Amino acid sequence: MDIEKKVWEVLCSKEEIKSRVEEMGKQISKEYQEKNLLVISLLRGSFIFAADLVREITVPCKVDFMTTSSYGHSQETSGEVRVVADVSTDMIGYDVLIVDDIVDSGTTMAFVKDYIQSKGAKSVRTCSLLDKPSRRKVDVNPDYTGFVIEDKFVVGYGLNFGDYYRNIPYVFVVTDQDR
């Protein structure tokens with residue numbers, strides 16, 4: 001599919017995302033007072049969301065990154081998650097917040113949550129910009145959610161299509177309509 005020739009339907013505008021991320025940052029800041037917060041951004045999709053989110057968190061926090069893979073270049077998850085690049089921080093004593101761009105089947109988030117817990121984190125919670133509960137294959141729900149969306153393939157604000165379009169400042173759906 002050549003998405004440049006298709007109509008893009010804005011699902012979450014730049015302004016809506018900014019407002020929601022500010023709200024989430026306030027909520028997380030309130031709930032993580034007096035805790036040793038470590039934010040783990042799941043690369044590559046969450047890097048823009050995580051950067052915006054941590055700038056809204058007012059309590060001290062450390063940031064680390066982890067890369068997992070379950071999609072490759074496909075629009076569908078393979079169902080098998082593998083760690084491509086692990087975190088470098090020792091988890092012991094940290095209250096970890098895992099940040100991802102989207103929870104779809106739930107497979108990646110469930111895997112990463114269990115994986116981080118097994119490394120000795122004091123607590124592990126999850127945060128996702130987008131949540132697609134209708135696609136859930138694993139019983140996992142983000143503790144913090146930006147937007148609950150329908151079962152549509154979304155792109156932009158960190159979410160890619162063939163390794164491109166992550167830099168679009170809003171989330172959009174590629175329609176079947178030609179431009």
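## A buried pair

Let us begin with two residues away from the surface: Arg 136 and Asp 131 are both buried. In this predicted model, their side chains meet in a salt bridge, with 2.4 Å from N to O.

## A network of four

Some salt bridges share partners, and in this way Asp 104, Lys 132, Arg 135 and Asp 151 are joined into one network. In total, 14 salt bridges are counted in the model.

## Linking strand 1 and strand 9

Another pair to look for is Lys 6 and Asp 178, whose side chains form a salt bridge at 2.9 Å, N to O. Lys 6 belongs to strand 1 (residues 6-12) and Asp 178 to strand 9 (residues 171-178), so this contact ties together parts that are 172 residues apart in sequence.

Are these two partners buried or exposed? Lys 6 counts as buried because its relative accessibility is 18%, under the 20% cut-off. Asp 178, with a relative accessible area of 56%, is exposed.

## Linking helix 1 and strand 6

Now find Glu 31 and Arg 125, which form a salt bridge with their closest N and O atoms 3.2 Å apart. Glu 31 sits in helix 1 (residues 14-31) and Arg 125 in strand 6 (residues 123-131), so the pair ties together parts that are 94 residues apart in sequence.

Methods
Residues are numbered from 1 along each chain as its sequence is written. This is a predicted model: local features need pLDDT of at least 70, side-chain atom pairs count only at pLDDT 80 or more; totals for chains, interfaces and linings use all residues. Side-chain values use heavy atoms; hydrogens and water are left out. Helices (H or I, at least four residues) and strands (E, at least two) are DSSP runs, numbered from the N terminus. Buried means under 20% relative accessible area, exposed over 50%, partly exposed in between (1.4 Å probe, protein chains only).
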